[in-house]
Amino acid sequence: MAKTLLITVTITIILLLFSSPSSSSIPFTQSETRVYYYWNDNNGVEDLIDQVCKRTPFYELCSSTLHNNPLLSPKSDIKQVALIMVNNILSNATDTLNYIEALLKHTKDPNLEQALALCAESYIPVVRFTLPQAAAAISQGHFAFASYCISDAVKEVNSCEGRLSKAPSDKSPLGDRNDLVQKLVDVANAIIKLLLKA
């Protein structure tokens, strides 16, 4: 009985494989292969991370960010990856805004205080409006608008860093944080470009 069942199942699988339309009939060149658009459950989360992060300017940052996110699963798609990255930028920007506010309470240098206050003014709309709008745009499939939002956010970050570089101190107290946000934005933009091409 078990042997008959095994033979039947094997024959059924063979028939299904040979009767299904061949995927090789899809005319993709190597440069057009859209591995980021169709995901198979068997690929697993490692393949998803690897394939996406290879197409970004900062592979290690992209990979570590995605590996540390519990929302990513083998059933995730490129849209969810982009959303995770934008939410990570929002988390880092929020943390930086909190750090700026803490620095403002303790600084004695009036020039640095003014530069930090202007940085806070740059970060507040990024945290409250721009990045949440980017996340909403990705969820709704408005990828070009999402890209515009995060590019606008990084302009504010760069503006903050520019103000701090004029303050008479040895090193920007936000240099590493602003640099991280800049790199995360570059990664997110690269991922959103994959969505725009899909």
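In the predicted model, a disulfide connects Cys-119 with Cys-160, with an S to S distance of 2.1 Å. The two cysteines belong to distant parts of the chain, 41 residues apart: Cys-119 lies in helix α5 (residues 110-139) and Cys-160 in helix α6. The torsion about the S-S bond is 95°, which makes the link of Cys-119 and Cys-160 right-handed. Both cysteines of this pair are buried.

Another disulfide is formed by Cys-53 and Cys-62, whose sulfur atoms are 2.0 Å apart. The link of Cys-53 and Cys-62 is left-handed, with -75° about the S-S bond. Cys-53 has a relative accessibility of 0% and is therefore counted as buried. Cys-62 is likewise buried, its relative accessible area being 0%. The count of disulfides in the model comes to 2. When the bonded cysteines of the protein chain are numbered in sequence order, the pairing reads 1-2, 3-4. A further cysteine, Cys-149, has a relative accessibility of 2%, so Cys-149 also counts as buried.

Helix α6, in which Cys-160 is located, spans residues 143-166 and also carries Phe-145 and Tyr-148. A search of the whole structure for aromatic pairs returned 1. This pair consists of Phe-145 and Tyr-148, with a centre-to-centre distance of 6.2 Å and an angle of 25° between the ring planes. The arrangement is classed as stacked because planes under 30 degrees apart are assigned to that category, and the angle for Phe-145 and Tyr-148 is 25°. The two residues are 3 positions apart in helix α6, and therefore about one helical turn separates them.

Phe-145 has a relative accessible area of 41% and is partly exposed. For Tyr-148 the relative accessible area is 53%, so this residue is classed as exposed. The cut-off that applies here is 50%, because exposed residues are those over that value.

A contact between a charged group and an aromatic ring involves Arg-177 and Tyr-99. The charged end of Arg-177 is positioned over the ring of Tyr-99, at 3.9 Å from the ring centre.

Definitions and conventions
Residues numbered from 1 in each chain as written. Predicted model: local features only at pLDDT ≥ 70, side-chain atom pairs only at ≥ 80, totals over all residues. Heavy atoms only, no water. Phe/Tyr/Trp six-rings, centres within 6.5 Å; stacked < 30°, edge-to-face > 60°. Helix = DSSP H or I, 4+ residues; strand = E, 2+ residues; numbered from the N terminus. Buried < 20%, exposed > 50% of the residue type's maximum accessible area, 1.4 Å probe, protein only. Lys NZ or Arg CZ within 6 Å of the ring centre and 35° of its normal. Disulfide = S-S within 2.5 Å.
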